[in-house]
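Here's my quick note to read alongside the model. Have a look at it first, then work through the points below.

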Amino acid sequence: MSGRELFCQPRRVRRGAALTLVFAGLLVTGAATGAFPDPGQSDRKTPTGAARTGAAHEDVAKAAADAMADGKSPMEAAERAVSRSRDRWAAVYSEGEYQEFEDALDGQYTGVGLWTRRTADGRIDVAKVQAGSPAAAAGIRKGDRLRSVDGEDVDGRPVTDVVSLLRGDATDARAGTTVTLGLERGTRAWSETLRRALLSTDSVTVRKPAAGITVIKVSAFTRGSGELVRTAVRQAPADGGIVLDLRGNSGGLVSEAVTAASAFLDGGLVATYDVDGAERSLHAEPGGDTARPLVALVDGGTMSAAEMLTGALQDRGRAVVLGSRTFGKGSIQMPTRLPDGSVAELTVGHYRTPSGHAVDGRGITPDLEVSSGALERAETVLSGLGDPS
């Protein structure tokens, strides 16, 4: 199991929808919101005012306002109201947490630039160091052992706990705060105090592992990622196939997923959704590449907007979907700003794939189920799809 500081485990119950889950592999914390744009509005709704939509939002907002009037914590009151709503994806975030979420959607996170992994014997090793990060400047290397974070021993702990310590989640640590790491390299043991910084993520990466194959890996649908996918498709060899790797993609901005769909579809339906019972639809832009062979890789960490994209490509016969069943988050959350600056997100609707498949709680079943060697299998499938010309 491995993780990066961006991918932290929520420290309160029901962080589910936005600062999401955990993350074995590379799942972006906070990117699974499933917030859908209204026509003419921005990608993600900015929380304003009190109740936004529906009785549940009104109940939560009223509980927070009443608590503030009584000199109590609006956030704690909102959390209790959310718990009573039995909304599995609902969550309440502090102002700082929500800002971190917004930073993540911009492709940024606060940390020191480390990926970590836990070995079979429970030790925590540095799996990767981000270039230009505080960790890189301090000379920390891949393979170094991480013994402690701010004096807390990390041996045997889940990677997600280690990530949370590195980010300073318990104190809503921001850029500029310090964290002290206990490290080991061979016979050398030392401590290093680093200052956290606002770092950029690479949500879209492109590589060519074999002749005629382009792998486009999308780790999250942050702002600008959809256009990066379209650029990667345009720059891929015309006589080759494409693997769209959505494994571990926990979602993000739906508009970016629609833009990514536009890279492979010539217009048409991407998904339908409802908000408080009102039916709406999302469509791809015309002019996408509809001829080049395409395989989409998915797994249990493929969520939300990534599932929406997968369902569109699968239902419209554009891609062979390979891997394992996706997570199954097809719900839509909308935010409400509470009196103390915290934010409550509650479910207001669900989306469906072009054929009407409801994803929430079900996920998407791949055309070919593969538990290991998925990329190699994808290359084999691409070779069998033939020359796109």
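1. Start with Leu-244. Skipping its neighbours within four places in sequence, Leu-244 is in contact (heavy atoms within 4.5 Å) with Ile-216, Val-218, Phe-264, Leu-294, Val-295, Ala-296, Leu-297, Leu-309 and Leu-313.

2. Before going on, a word on ground rules. This is a predicted model, where local features need pLDDT of at least 70 and side-chain atom pairs count only at pLDDT 80 or more, while totals for chains, interfaces and linings use all residues. Residues are numbered from 1 along each chain as its sequence is written, and side-chain values use heavy atoms, leaving out hydrogens and water.

3. Leu-244 is also one of the residues touching the most other members of the largest nonpolar core, which has 42 residues. Such a core is a set of buried Ala, Val, Leu, Ile, Met, Phe, Trp, Tyr and Cys residues joined through side-chain atoms within 4.5 Å; buried means under 20% relative accessible area, exposed over 50%, partly exposed in between (1.4 Å probe, protein chains only).

4. Now the sheet. Six strands form an open sheet in the order S11-S12-S13-S16-S17-S20, with mixed pairing. Strands (E, at least two residues) are DSSP runs numbered from the N terminus, and two of them pair if DSSP finds at least two bridges between them. S16 (residues 294-298) and S17 (residues 320-323) run parallel, joined by four bridges; Val-298 stands opposite Gly-323 in S17.

5. Asp-150 has a positive phi of about 50° without being a glycine, and is partly exposed at 45%. Ser-304, also not a glycine, has a positive phi of about 55°, but is buried at 2%.
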